[in-house]
Amino acid sequence: MDVRLGDVLVMKKPHPCGSREWSVMRTGMDFRLKCLGCGHEVLLPRSKAEKNIREIRREK
């Protein structure tokens, strides 16, 4: 899966704040994601993150 810095990921399950959108802040073996609803940052293994992605929105 081609995920780049600055992409917005729409996930299958919502964050507890209600937002499904996350901004990619770091890629590699792990993804650092920032919730666009509340600003919470998480570090997820790539395999777990890719499994939960519904849509990728790119900045053009």
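**Ground rules.** I am working on a predicted model, where local features need pLDDT of at least 70 and side-chain atom pairs count only at pLDDT 80 or more, while totals for chains, interfaces and linings use all residues. I number residues from 1 along each chain as its sequence is written, and my side-chain values use heavy atoms, with hydrogens and water left out.

**Core.** Which residues make up the largest nonpolar core? I find ten: Val 3, Leu 9, Met 11, Trp 22, Val 24, Phe 31, Leu 33, Cys 35, Ala 49 and Ile 53. Strand 1 (8-11), strand 2 (21-26) and strand 3 (30-35) each supply at least two residues of this core. Strand 3 gives the most, with three. For the record, a nonpolar core is a set of buried Ala, Val, Leu, Ile, Met, Phe, Trp, Tyr and Cys residues joined through side-chain atoms within 4.5 Å. I call a residue buried under 20% relative accessible area, exposed over 50% and partly exposed in between (1.4 Å probe, protein chains only). Strands are DSSP runs of E with at least two residues, helices are runs of H or I with at least four, and both are numbered from the N terminus.

**Salt bridges.** Side chains of opposite charge can pair when their charged atoms come close. My rule asks for a side-chain nitrogen of Lys or Arg within 4 Å of a carboxyl oxygen of Asp or Glu. By that rule I get seven salt bridges.

- I looked inside helix 1 and found Glu 50 and Arg 46 four residues apart, about one turn of the helix. Their closest N and O atoms are 2.9 Å apart in a salt bridge. Glu 50 is partly exposed at 22% relative accessible area, and Arg 46 is partly exposed at 27%.
- Glu 41 and Arg 32 also meet through their side chains, at 3.9 Å from N to O. Glu 41 is partly exposed at 36% relative accessibility, and so is Arg 32 at 29%.
- Arg 57 pairs with Glu 55 at 3.2 Å, N to O. I have Arg 57 down as partly exposed at 35%, with Glu 55 partly exposed at 36%.
- I also noted a network: Asp 2, Arg 4, Asp 7 and Arg 58 are joined by salt bridges that share partners.

**Positive patch.** Where does positive charge gather on the surface? I found the patch at Lys 12, Lys 13, Arg 20, Lys 48, Lys 51 and Arg 54. Patch members have over 30% relative accessible area and no salt bridge, and like charges are joined within 9 Å. I took each charge at NZ of Lys or CZ of Arg. Lys 51 sits in helix 1 (residues 46-51) and is exposed, with a relative accessible area of 57%.

**Two contacts along the chain.** Arg 26 lies in strand 2 and is partly exposed at 37% relative accessibility.

Is Ser 19 buried or exposed? Ser 19 is buried, with a relative accessible area of 15%, and I find Ser 19 in the loop between strand 1 and strand 2. The C-alpha atoms of Ser 19 and Cys 38 are separated by 8.0 Å, and these two are 19 residues apart along the chain.

Notes
Patches are made of residues with over 30% relative accessible area and no salt bridge: like charges are joined within 9 Å, nonpolar side chains (Val, Leu, Ile, Met, Phe, Trp, Tyr) within 5 Å. Accessible areas come from the Shrake-Rupley method with a 1.4 Å probe; for residues, only the protein chains shown count as cover. Lys and Arg count as positive and Asp and Glu as negative; His and the chain ends are not counted.
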